[in-house]
Protein chains: 2
Amino acid sequence: MPTAADVLKRALNGERRWLARAVTLIEHRRAGAELASLSVRRHRAPGVPHVVGITGPPGAGKSTFVDRLIGHARAKGQRVAVVAVDPSSPFSGGAILGDRIRMERHTGDSGVYVRSLSSRGHLGGLSSATAEVVNLLDAAGFDLILVETVGVGQSELGVIEVADTAIVVLTPESGDTVQTMKAGLLEIADVFVVNKADRPGADRLARELSRSVEMGPDDEWRAPVRTASALERKGVEAVLEDAANHLQWCCGDGKAVWRRRRGDAQVRLFLDLVAERARAQALSNLEPEVAAALRGFELSPHAALETLS
Amino acid sequence: MPTAADVLKRALNGERRWLARAVTLIEHRRAGAELASLSVRRHRAPGVPHVVGITGPPGAGKSTFVDRLIGHARAKGQRVAVVAVDPSSPFSGGAILGDRIRMERHTGDSGVYVRSLSSRGHLGGLSSATAEVVNLLDAAGFDLILVETVGVGQSELGVIEVADTAIVVLTPESGDTVQTMKAGLLEIADVFVVNKADRPGADRLARELSRSVEMGPDDEWRAPVRTASALERKGVEAVLEDAANHLQWCCGDGKAVWRRRRGDAQVRLFLDLVAERARAQALSNLEPEVAAALRGFELSPHAALETLS
């Protein structure tokens with residue numbers, strides 16, 4: 001039985017089978033201190049690797065953009081990793097996104113590594129696992145790391161915060177969702193795409209988003225708003241260019257903003273780890289009598305908490 | 001300055017202003033041990049109060065069902081509380097749902113208490129705060145407690161788990177979301193509503209949901225699937241009847257299932273509280289040098305975690 005350190009070492013050598021095992025260790029929280037020693041290139045400067053997040057509601061066309069981003073990077077000889085994160089998976093058993101991608105045209109390409117991440121049933125755990133897997137793939141030398149996640153809810157935004165560049169793919173039907181989530185989306189999105197632009201409402205949604213973006217602060221990146229029809233391959237190039245421009249900005253004028261965001265993400269990851277560890281410890285130390293008393297409403301959760309301190 | 005215990009005591013006397021202050025204490029985690037002494041009627045038996053959760057994507061028509069449920073309960077002389085939970089609020093500042101409801105026709109009715117809950121920025125925190133506010137409203141003597149939340153993602157399902165009866169309101173356009181979230185929705189929903197049933201795809205979605213429900217285990221409640229057009233008041237009565245039937249089931253054949261679910265929720269709330277407390281403690285104890293080292297990537301989150309233990 002190889003140790004976690006062994007698995008990580010072999011994974012960093014680029015052995016795909018060991019990479020898969022290392023991701024599983026992270027998923028199941030069986031690697032900890034070993035991850036501290038990873039040499040994460042992105043911690044030194046933005047640019048290599050480029051971590052691009054892609055989120056949006058189901059059916060918005062995220063996979064098409066993932067596919068095109070892979071194609072572009074491969075044409076330049078870059079190695080690409082895709083992390084498909086499915087927040088619905090504590091219920092569904094996961095892997096909806098990853099399976100779909102895996103079956104597509106990059107399957108036989110050894111320069112492309114695709115992995116799905118399923119939640120282990122805890123809110124918050126998915127963002128921290130994603131951040132750690134991205135660090136691993138960074139240290140393993142991938143040039144482009146794509147993080148795809150479905151949805152535009154709170155948990156999805158948490159996952160996408162790991163990215164340097166976040167692409168939010170919407171459809172004309174997303175209007176109501178955008179109203180609800182507007183401030184959150186504006187905070188996270190570096191590029192907006194209104195896909196399926198041949199449907200009614202596309203231009204209106206794009207105009208609304210543009211107006212909101214323009215009201216943002218002057219000194220920061222202003223997310224371009226694109227309309228596209230990914231299926232017909234219309235407007236996809238512009239989005240890829242936007243992503244490249246955003247990375248360039250991160251390396252130049254936007255470096256301070258980029259550093260602050262990455263720093264915030266590190267502190268958040270630390271706090272997530274603290275919370276997760278405390279939860280796991282409390283669960284494994286939970287006495288059967290205490291659990292029974294909780295379940296029987298004889299002991300309130302707050303009273304049980306007091307007994308811990 | 002009244003103590004948390006004072007505020008709770010006055011809130012339990014039904015003084016609306018103090019109820020509001022008590023909810024704020026819970027939101028800001030300034031009540032803890034005091035909550036342990038609440039006399040929560042629902043912990044003794046199902047039925048009083050009836051806690052009904054309503055979730056679904058933005059624009060699905062949730063508010064109409066909330067409004068009708070309030071109307072029904074008021075006609076029977078019951079006191080009703082609405083907790084509107086907005087998972088987008090760490091970004092938007094919240095209160096989207098509550099504001100909308102508050103402006104509607106029950107504003108002047110002293111038998112209806114409406115309160116919105118905004119996230120305090122932590123995943124998971126919203127579910128535990130919701131559970132605690134529901135306990136408070138239970139102890140304060142409300143007969144019907146409605147928990148409305150927008151979305152069908154993981155965090156929304158976490159919020160809705162507090163309910164005895166969960167109504168999931170979808171629209172024909174929700175088809176893709178349903179595919180992604182199916183197992184999660186099936187686990188949580190006690191009643192499915194396909195609203196805006198005049199739009200194409202409504203019957204197909206309803207049929208698909210029915211088929212999935214029928215594949216479930218025999219001994220449990222089978223969620224009825226209704227089509228409705230809430231705006232035209234079509235199909236709403238049937239949904240209210242379903243909710244009432246489900247409560248009856250919880251009090252009879254389904255009592256063991258109900259007990260298990262409520263017990264699971266108590267254990268989860270306990271673990272949430274443990275995780276939240278650990279996170280808050282780590283944040284307030286975070287030394288400036290450690291924070292700077294984390295932000296500067298000189299100290300990894302895992303290494304920082306090790307220094308704590």
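Predicted model: local features only at pLDDT ≥ 70, side-chain atom pairs only at ≥ 80, totals over all residues.
Residues are numbered from 1 along each chain as its sequence is written, and chains are lettered from A and ligands numbered from 1 in the order in which they are written.

Me: Why is A:V85 called buried?
Reply: A residue is buried if 20 or more other C-beta atoms lie within 10 Å of its own, exposed if 12 or fewer, and partly exposed in between, with C-beta atoms placed from the backbone. A:V85 has 31 other C-beta atoms within 10 Å, so A:V85 is buried. In chain A, 53% of the 309 residues count as buried.

Me: Where is A:V85, and what does A:V85 touch?
Reply: A:V85 is in strand 2 of chain A; helices (H or I, at least four residues) and strands (E, at least two) are DSSP runs, numbered from the N terminus. Two residues are in contact if their C-beta atoms, placed from the backbone, lie within 7 Å. Leaving out residues up to four places away in sequence, the contacts of A:V85 include A:L117, A:V147 and A:V159. A:V85 and A:V159 are 74 residues apart along the chain, with 7.9 Å between their C-alpha atoms.

Me: What makes A:V162 count as buried?
Reply: A:V162 has 27 C-beta neighbours inside 10 Å and therefore counts as buried. A:V162 is in the loop between helix 8 (154–160) and strand 5 of chain A. Not counting residues up to four places away in sequence, A:V162 touches A:V51, A:G53 and A:V147, among others.

Me: Which residues have the most contacts inside the largest nonpolar core?
Reply: They are A:V147, A:I167, B:V147 and B:I167, in a core of 175 residues. A nonpolar core is a set of buried Ala, Val, Leu, Ile, Met, Phe, Trp, Tyr and Cys residues joined through C-beta atoms within 7 Å. Beyond its neighbours within four places in sequence, A:I167 is in contact with residues including A:V52, A:F65 and A:V193.

Me: How do you know that strand 5 and strand 6 of chain A pair?
Reply: Two strands pair if DSSP finds at least two bridges between them. Strand 5 (residues 165–170) and strand 6 (residues 191–194) of chain A have four bridges, in the parallel sense. A:V169 stands opposite A:V193 in strand 6 of chain A.

Me: What makes strand 3 and strand 7 of chain A edge strands?
Reply: The open sheet of seven strands in chain A has the order 3-2-4-1-5-6-7, with parallel pairing. Strand 3 (112–118) and strand 7 (225–227) of chain A each pair on one side only. The twist from one strand to the next averages 20 degrees. Axes are lines fitted to C-alpha atoms, for helices over the stretch in contact, and angles run from 0 to 180 degrees between N-to-C directions.

Me: At what angle does helix 10 of chain A run to strand 7 of chain A?
Reply: Helix 10 (residues 202–214) of chain A runs at about 170 degrees to strand 7 of chain A, and lies across strand 5, strand 6 and strand 7 of chain A.
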